[in-house]
Amino acid sequence: MRYKSHTVESTDKTETLTIVLKDEFYDFEVALNYTTYEGLDLISKNAVITSNCEDKVIVNKMKSGTLYAPWNAPIKLFHLAGFCNSEYQKQFIDLDVTQGKYTIDNTRGVGSAHQHVPFIALCDKCADETHGNVWYGLLHWSGDIKIDIERCFEGQLVASAGVNDFDTFITLNKGESYTTPQFTIGYTDGGFEQMSKTLYDYQYDFLLPQNKIKKPFPIIYNSWYPYLFDVDEEKCLGFIDKAKEIGAELFVIDDGWFGRRKDSKDGLGDWWCDPDKFPRGLKPVADKAHSVGMLFGLWVEPEMVNPASDLYKEHPEWVLTFPNRETSIKRNQYVLNLAREDVLEFCWNVVDKMISDYDLDYVKWDMNSFMAESGAELGDVRIKFIENIYEIWRRMNEKYPDVLFENCASGGGRADYGMAPYSDRINRSDDSDPVDVLKIHEGFSMLFLPRLAGGAGNIANCPHTMNGRVTPLKFRAELGMTGSMSVGINILKSSQEELDELKKYLKYYKSIRHITQNAYLYRLSSLYDSGVAAWEYLARDGSEAVVFVFGHGINYRQPVPMLKLRGLDKDALYTVEGENSYVDKLYPEPRTSHGDTLMNYGIKAYPVGDYRSQIIRVKKV
Ligand code: DGJ
């Protein structure tokens with residue numbers, strides 16, 4: 001391809017260079033876009049391919065862009081991988097190889113982040129939170145991804161990212177184009193925490209829905225963990241009373257309110273309110289929430305259908321399947337072929353009608369399966385499917401700019417930058433066991449602002465269903481403060497003592513969320529290295545910080561190393577409060593110290609024993 005032309009277009013805070021290349025023989029063009037953002041060391045790349053050939057053109061592979069690290073420099077690959085309930089586990093791979101390729105890919109069709117978050121970083125072997133060169137890239141795509149990291153002849157390391165070519169090809173007729181998703185790349189010489197800081201700024205100033213980002217995100221009470229599918233009017237009205245009492249601000253009916261949904265075997269596709277559970281419809285519940293000053297939200301999973309549903313009987317042809325084969329099934333559901341226009345319009349109408357009929361303030365869109373039957377002959381089904389998800393989410397945001405949208409996919413299956421522009425919250429994981437969350441949140445926080453860290457109940461039930469672990473409410477509640485808070489405890493069965501304690505934590509959270517939700521999160525101590533996780537949440541203006549310390553188990557009376565704060569103004573004076581919660585009179589409280597001292601000598605935390613948590617407040621004088 002040869003250079004044909006170029007343009008530069010600017011908006012308020014971005015600039016895009018477009019270079020158009022043309023095939024020398026065929027009437028075929030590729031426009032390469034490079035967008036930069038004011039104040040950020042980031043470039044977003046993508047490509048638009050256009051055919052003006054008389055014959056149709058088949059495109060078998062199309063990457064979004066390549067990240068070039070300098071000659072011989074990086075020798076470690078970092079990425080986040082896992083599975084449902086163990087998302088974003090930190091993975092380091094030595095790339096001390098001479099020549100060869102390492103591929104991170106996913107072929108589940110409908111979401112990749114459970115297995116591989118569409119992200120990689122190439123870094124110095126010694127890179128850590130605060131040191132080292134890091135070259136990183138994020139693909140804005142929620143379907144199949146493929147990132148090839150290749151050590152080339154002579155030692156250069158390059159990473160190219162794009163939509164996976166597995167079972168996929170694109171057909172272009174004359175005049176048609178295909179636009180690849182963005183690959184946003186960046187560089188820092190300040191370790192992973194600087195990478196995160198740049199990505200927080202990018203989300204805060206550019207990527208996330210901008211009309212809602214500065215508003216505090218409400219505290220949720222969600223019905224899922226207490227009763228799973230077994231919701232009804234009586235329970236919901238009861239939840240609202242108790243949720244209001246403890247200080248929750250948004251009531252969400254999760255799965256189970258529609259069709260004949262008693263368990264996972266029926267209901268998906270039949271998005272009418274179940275008259276057995278809600279004989280008067282959902283209006284009394286919505287009205288009650290609104291009358292006590294709470295917001296109201298509903299769960300929905302429009303991409304899926306149960307074989308037992310009315311929708312399936314009416315439209316069996318909407319399901320992705322192979323002729324003459326049994327359709328594979330997961331969680332008793334089939335995947336609708338959302339690449340079809342009629343299915344796209346059906347799914348859009350489901351949520352559009354739901355939001356207006358029930359006067360919703362919040363929608364939790366879930367997805368709990370994978371795509372097995374797209375078939376190589378179907379071409380771009382896997383691409384169109386995801387593009388149509390984005391189209392529905394774009395319409396939801398456009399038509400209902402004040403409604404809050406949670407992006408959920410069996411927990412964090414779609415925690416990616418493709419969905420982020422439309423998401424006010426991400427279900428980080430369905431694993432809310434407080435010890436598991438310490439690693440899950442660490443990985444999540446590397447790429448996402450704390451305000452996005454959601455889930456059906458971030459203040460978890462106890463003993464926890466995941467590992468049977470018993471932990472104090474204080475530990476669970478303070479962990480619940482580190483993201484977007486939601487309560488998953490059965491408050492209809494809570495004692496008055498538990499309700500009063502919850503009320504205290506929710507009240508405290510309301511007093512700090514203006515700092516924490518959009519904070520710069522510094523990972524001071526990690527559960528990967530010790531029994532203590534400590535996270536500093538620094539307000540965006542640097543004026544104050546909340547430090548959360550979680551001791552998973554401390555033995556032999558071992559003291560926790562001093563926690564050296566980061567990101568403070570070294571010459572400013574700060575008050576420090578909360579160091580003494582477990583050890584009497586360690587320091588007078590509040591004490592004052594210079595930023596310099598707090599960053600180089602540190603603060604003292606001592607969460608002795610098992611499952612102890614501590615909150616330390618630091619404020620500029
Ligand atoms: C999976 C989600 O991650 C959960 O939070 C819950 O909404 C269930 N699905 C409901 O089926």
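**Exercise 1. Find where Lys 235 sits, whether it is buried or exposed, and what it touches.**

Step 1: Lys 235 has its place in helix α3. Helices here are DSSP runs of H or I with at least four residues, strands are runs of E with at least two, and both are numbered from the N terminus.

Before going on, a word on the model: it is predicted, so local features need pLDDT of at least 70 and side-chain atom pairs count only at pLDDT 80 or more, while totals for chains, interfaces and linings use all residues. Residues are numbered from 1 along each chain as its sequence is written, and side-chain values use heavy atoms, with hydrogens and water left out.

Step 2: Lys 235 has a relative accessible area of 15%, so this residue is buried. The scale reads like this: buried means under 20% relative accessible area, exposed over 50%, and partly exposed in between (1.4 Å probe, protein chains only).

Step 3: Setting aside neighbours within four places in sequence, Lys 235 is in contact with Tyr 227, Asp 230 and Leu 492. Contact means heavy atoms within 4.5 Å.

Step 4: With Asp 230, the side chain of Lys 235 meets in a salt bridge, at 3.3 Å from N to O. For a salt bridge, a side-chain nitrogen of Lys or Arg must lie within 4 Å of a carboxyl oxygen of Asp or Glu. Asp 230 is partly exposed, because its relative accessibility is 43%.

**Exercise 2. Describe the ring pair of Tyr 227 and Phe 239.**

Step 1: Start with the rule. Rings of Phe, Tyr and Trp (its six-membered ring) pair if their centres lie within 6.5 Å; planes under 30 degrees apart count as stacked, over 60 as edge-to-face and the rest as tilted. The count by this rule is 36 aromatic pairs.

Step 2: For Tyr 227 and Phe 239, the ring centres are 5.8 Å apart and the planes stand at 50 degrees, so this pair is tilted.

Step 3: Now place the partners. Tyr 227 belongs to helix α2 (residues 224-227) and Phe 239 to helix α3 (residues 233-246), so the pair links distant parts of the chain, 12 residues apart.

Step 4: Check the accessibility of each partner. Tyr 227 counts as buried because its relative accessibility is 17%, and Phe 239 is buried with a relative accessible area of 0%.

Step 5: Ring pairs join Tyr 37, Tyr 88, Tyr 202, Phe 206, Tyr 417, Phe 444 and Phe 448 into a cluster.

**Exercise 3. Explain how Glu 387 and Lys 384 are placed in helix α7.**

Step 1: The side chains of Glu 387 and Lys 384 meet in a salt bridge at 3.7 Å, N to O.

Step 2: Glu 387 and Lys 384 are 3 residues apart in helix α7 (residues 381-399), so about one helical turn separates them.

Step 3: Glu 387 is partly exposed at 27% relative accessible area, and Lys 384 is partly exposed at 28%.

Step 4: Shared partners can build a network: salt bridges join Glu 345, Glu 391, Arg 394, Arg 395 and Glu 398 into one.

**Exercise 4. Describe the surroundings of Thr 482.**

Step 1: Thr 482 is found in the loop between α9 (473-480) and β26 (486-487).

Step 2: With 1% relative accessibility, Thr 482 counts as buried.

Step 3: Not counting residues up to four places away in sequence, Thr 482 touches His 441, Pro 450, Trp 535, Tyr 537, Phe 548 and Phe 550.

Step 4: The Thr 482 side chain also reaches the backbone oxygen of Leu 479, at 2.6 Å.

Note on methods. A polar contact is a pair of N or O atoms within 3.5 Å; within protein, one must be able to donate a hydrogen and the other to accept it, and residues adjacent in sequence count only if both atoms are side-chain atoms.
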